[in-house]
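The sequence and model come first.

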Amino acid sequence: FKYVDLLERSPRKASIKEGENGNYEVTAETAADELILVQIAYAPGWKVKDQKGRELSVSRDPMGFILIDPKESGNNILNLGYTMPWQVWFGYLVTFGTCVCLLYLLVRFRRPIFEFKTAMKELVQEDDS
C-alpha cells in the first residue's frame with residue numbers, strides 16, 4: 001500500500017507514446033532527485049536516452065517496473081527502447097547448436113539402428129523355423 005500511496009501522491013504525471021519499431025517516447029516533468037516510473041516490465045535490454053542523446057540509468061523498482069534516473073530536473077523527453085542482451089543471443093546460439101548436433105546424431109546413427117532392427121527380425125524368423 002505504501003508503494004501505491006507514493007505513486008498516487010506524486011503531483012507530476014508522465015505520459016508515454018509508442019513510436020516506431022517498438023520504441024517509446026516518455027515525457028515527464030521532474031524535480032531534483034526524482035525518478036521516472038514506467039509501468040512496463042523491466043528486463044536487462046531496456047535502454048533510455050534523453051533529448052541530448054545521453055544514455056540514462058535504467059533500473060527495476062520493487063514491483064518489477066522500469067525506473068529511470070533523468071539526471072536533470074525539469075521537462076524531460078526520453079526515448080525508451082529495447083535491445084536484446086547478449087544472454088538472449090547466447091541462448092539462440094546454444095539452441096541452434098543443439099539442433100545441429102541432434103540432426104547430425106540422427107543421420108549418423110540411423111543406419112546402424114535400422115541394421116540392428118533388420119538383424120533382430122532375421123533372428124526371430126530363424127527361431128520360428
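Before sorting any lining residues, I wrote down the classes: Ala, Val, Leu, Ile, Met, Phe, Trp, Tyr, Cys and Pro count as nonpolar, Asp, Glu, Lys and Arg as charged, and the others, Gly among them, as polar. I also noted that this model is predicted.

I looked up the volume of the largest pocket and found about 750 Å³ of space. Its lining has 25 residues, and those closest to the centre are Leu7, Ser10, Leu35, Ile36 and Leu37. With the classes above, I read the lining as 14 nonpolar, four polar and seven charged residues.

Which element gives the most to this lining? I found that helix 1 does, with five residues. Helix 1 spans 2–9, and at least two lining residues each also come from strand 1 (14–18), strand 2 (24–30) and strand 3 (36–41).

Entry on the cysteines. How many disulfides does the count come to? I got zero. I then checked Cys99 and found the nearest cysteine sulfur, that of Cys101, 9.5 Å away. A disulfide needs two cysteine sulfur atoms within 2.5 Å, so Cys99 is in no disulfide. I noted that Cys101 is in no disulfide either, with the sulfur of Cys99 as its nearest, at 9.5 Å.

Cys99 has a relative accessible area of 46% and is partly exposed. Cys101 is also partly exposed, with a relative accessible area of 48%.

Key: Residues are numbered from 1 along each chain as its sequence is written. This is a predicted model: local features need pLDDT of at least 70, side-chain atom pairs count only at pLDDT 80 or more; totals for chains, interfaces and linings use all residues. Side-chain values use heavy atoms; hydrogens and water are left out. On a 1 Å grid over the protein atoms alone, a cavity is a set of points where a 1.4 Å probe fits but cannot get out, and a pocket is an open set with protein on both sides within 12 Å along at least five of seven lines; lining residues have an atom within 4 Å of a point. Grid points are joined across faces, edges and corners, and a volume is the space filled by probe spheres set on the points. Helices (H or I, at least four residues) and strands (E, at least two) are DSSP runs, numbered from the N terminus. Buried means under 20% relative accessible area, exposed over 50%, partly exposed in between (1.4 Å probe, protein chains only).
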